[in-house]
Amino acid sequence: MNTGATGFIRNGDAVVRAEIPRLGLDDFREQVLQTCENGGRLMALFGQPGGADRVRLCVVLANDAEGQLTLCSTDVGDHYPALTPACPQAHWFEREIAEQWGICPEGHPWLKPIRFHHSYLPRRDAWQRSPETPIQPGVANFFMMEGREVHEVAVGPVHAGIIEPGHFRFQCHGEKVHHLEISLGYQHRGVERALVGGPGKRTIPYMETLAGDTTIGHVLAHCEAVEALAGCRVPARAQILRAMALELERLANHTGDLGALAGDVGYLPTASFCGRIRGDFLNLTALICGSRFGRGLVRPGGVLFDLEEARQTQLAERLAQARRDVTNAVNLLWDAPSVRSRFENAGPILRGTARELGLVGVAARASGLERDVRAQFPSGIYRFAQIPMSLYHTGTVFARAHVRWMEIQRSLAFVFDQLKALPEGPVRAEAGPLAPNRAVVTLTEGWRGEICHVVLTDEAGKFAHYKVVDPSFHNWMGLALALRDQQISDFPLGNKSFNLSYCGHDL
Amino acid sequence: MRNLASLRNWSIVNLECADTMLKALLARAHQKHRTVGFPKQPPVLPDRWRGRPQLDAAKCPDGCRVCADICPTDALAVKGGQVELDLGRCLFCPECERACPEGAIRFTAEHRLAASSREALVLGEARPLSEQLAKALERRARKLFGRSLKLRQVSAGGCNGCEADVNVLNTVVFDLGRFGIQFVASPRHADGLLITGPVTGNMESALCRTYQAVPSPKLVIAVGACAISGGPYAGHAEQRNGAESVVPVDLYIPGCPPHPITILDGLLRLLGRLDSA
């Protein structure tokens with residue numbers, strides 16, 4: 001499979017690296033800006049070492065309507081004209097490139113570190129920091145508001161609850177938030193660097209813990225990349241089991257989120273019921289593979305655990321009970337006027353803003369954007385069994401809660417259908433060595449949103465470069481804007497309505 | 001007329017509130033009382049759950065190193081014919097059990113994993129389980145914390161798996177509050193820290209300062225493979241291989257992530273609320 005001069009590829013199709021169009025900087029820029037202006041969007045933009053202090057920038061652009069991806073690259077030195085001013089979707093990606101490779105995107109309006117680590121090219125740093133000096137996370141030039149009675153609120157990295165670390169800097173006047181700036185990097189574990197030279201013993205554990213609550217989403221994207229590179233066909237039964245696990249992961253997290261949202265507005269009935277029911281969904285995943293988070297289930301070639309008939313029956317019965325329970329618990333939310341009044345006008349993101357930022361997943365769909373990998377770039381069983389996209393239009397906390405509720409109902413229906421449709425057969429095929437000098441892009445719709453893995457192999461069939469884009473990487477900026485002009489007391493609610501991954505961002 | 005109108009409005013509002021409350025009460029009747037019987041009753045765990053591993057070195061073929069070679073975190077070592085498994089590094093993944101040609105390694109349904117020392121986490125020579133399980137605090141600390149333990153959770157660079165399974169202890173299923181154990185918002189209100197994650201370089205200073213802000217006497221509980229040994233990230237330059245690199249640890253709860261029952265068992269054992277055997 002080759003890209004041709006146009007650079008078109010599909011989800012999960014491995015292509016020869018040498019055939020990825022390598023454009024001049026101007027043409028590359030043109031390609032990105034034109035695509036984004038004409039309804040396409042930026043899925044990934046990253047750098048990889050190109051030898052002799054050059055860095056190769058690679059971009060994955062998406063055309064949702066056609067289910068088509070474009071992959072192309074260009075070479076840069078230590079600076080280039082930033083894409084962000086013309087294409088805000090590139091904002092966070094260009095900061096990452098600056099931080100990792102010491103390249104300066106000239107004219108970038110918000111050039112600050114995102115993970116607070118030294119450049120991977122020791123002689124170069126986008127902020128001229130010395131490689132000897134330790135870098136302090138969260139120490140950056142935060143945008144500040146000046147004026148009388150303006151105050152600054154700083155939250156994190158150690159937060160009040162049991163939650164991952166991040167830093168939030170609010171510029172407030174009274175209760176009103178005029179600007180929220182989010183600074184992350186506290187969970188940075190150096191996973192992308194450690195993946196180079198793989199696959200190795202730790203590759204699967206890395207994939208399962210990139211974002212620990214999205215084990216299935218990430219490990220599935222990884223395995224589909226490995227299978228594409230190894231030319232391995234996954235048996236149908238395994239594909240269905242994988243999709244069931246992905247949907248169970250979605251069910252557990254969405255249920256937990258609705259409970260947490262209820263808790264944040266002080267509506268305890270739903271909060272306490274959903275806290276428990278989330279565990280019921282996790283225990284269904286554990287019924288399949290022993291782990292509540294789905295660890296040890298998905299592997300290259302298929303899955304490690306099968307469902308014999310008694311287990312299938314048990315799964316169906318318990319799922320039916322969970323459906324009754326979650327319906328009973330969540331419907332209370334929509335009936336309670338106190339809940340509706342808090343949810344309905346909080347944290348709005350308009351459709352235009354969502355498109356400009358390149359939001360993905362639940363947050364995008366709640367603002368009316370039709371973006372769902374299962375429908376637009378389907379792989380595995382999703383090519384044959386469609387789940388309707390759950391959309392809403394107001395982009396508020398209510399919208400994000402309502403989209404989750406619709407997705408719970410649709411995922412439940414999907415799992416029931418698939419349980420009845422499980423074909424006979426093996427659950428794993430042999431995945432051989434990876435083809436050399438290939439590139440593949442794999443996408444899955446994790447429960448937060450689109451997960452993108454871009455994998456490049458070298459002459460020995462080992463990972464030359466491995467780029468992971470968690471949906472949170474696109475969406476943190478959405479949270480920052482959603483809080484503008486909102487009350488600071490609505491921050492936990494707004495934050496919970498997005499519920500983004502800190503470690504998925506930090507890697 | 002005005003009084004009638006306001007009476008009508010008051011009635012409608014109150015009827016709506018009563019309606020909402022009635023629905024909530026009916027929902028509670030549907031959802032029922034769901035707190036687990038543990039610790040009074042044995043825990044109910046998934047049949048495929050990978051609990052405490054059991055090593056049967058007698059079954060190991062001479063010179064076989066299959067398990068040690070396949071373990072992603074080098075938790076298994078073969079030393080002089082004896083297999084050793086470091087629970088503090090173990091991710092409880094299925095690889096060694098599947099790879100072993102003789103069935104010398106098996107995951108059991110034993111949920112009791114917490115230990116009071118790093119050494120007690122290494123399985124090797126046969127030792128009674130009671131010796132390896134966590135010990136209760138000494139008398140003075142038990143007097144202070146036994147009936148009211150306030151913990152501050154610090155997430156120091158993990159994947160959020162351990163955080164999620166710690167969070168779940170506060171739900172009605174496990175109801176941590178009934179044991180007097182509570183998570184508090186500030187280290188200044190806390191008796192100790194519960195740490196997850198390998199301690200990334202970017203969290204090192206925050207963890208130190210949080211520890212210093214806890215008034216003495218204080219406890220530290222390390223939950224999960226990352227907090228004990230760095231987990232899958234052990235050896236990465238970006239992290240510090242576990243909480244012990246920064247603060248002294250009183251209780252180790254292995255797992256990736258440990259099941260909420262394992263965490264609860266560890267906490268209760270620390271407070272002397274459970275028997276050792």
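**Exercise 1. Into which domains is chain A divided, and what distance separates their centres?**

Let's start with the residue ranges. In this predicted model, chain A is split into domain 1, covering 1-127, and domain 2, covering 220-461. Next, take the centres over C-alpha atoms: those of domain 1 and domain 2 of chain A are 28 Å apart.

**Exercise 2. Work out what makes up the side of domain 1 of chain A that touches domain 2 of chain A.**

Step one is to count both sides. Using C-beta atoms within 7 Å as the test for contact, 23 residues of domain 1 of chain A meet 22 residues of domain 2 of chain A.

Step two is to find the elements on the domain 1 side. Those giving two or more residues are the chain A strands β2 (15-16), β3 (41-49), β4 (55-63) and β5 (68-76). Of these, β3(A) gives the most, with 5 residues.

Step three is to sort that side by class: you will find 14 nonpolar, 5 polar and 4 charged residues.

**Exercise 3. Which residues are in contact with B:Ile195, leaving aside its neighbours within four places in sequence?**

With those neighbours set aside, the partners of B:Ile195 are B:Val154, B:Ala156, B:Val220, B:Ile221, B:Ala222, B:Val223, B:Ala227 and B:Ala243.

Note on methods:
Residues are numbered from 1 along each chain as its sequence is written. Chains are lettered from A and ligands numbered from 1 in the order in which they are written. This is a predicted model: local features need pLDDT of at least 70, side-chain atom pairs count only at pLDDT 80 or more; totals for chains, interfaces and linings use all residues. Domain bounds come from an automatic or database domain assignment. Two residues are in contact if their C-beta atoms, placed from the backbone, lie within 7 Å. Helices (H or I, at least four residues) and strands (E, at least two) are DSSP runs, numbered from the N terminus. Ala, Val, Leu, Ile, Met, Phe, Trp, Tyr, Cys and Pro count as nonpolar, Asp, Glu, Lys and Arg as charged, and the others, Gly among them, as polar.
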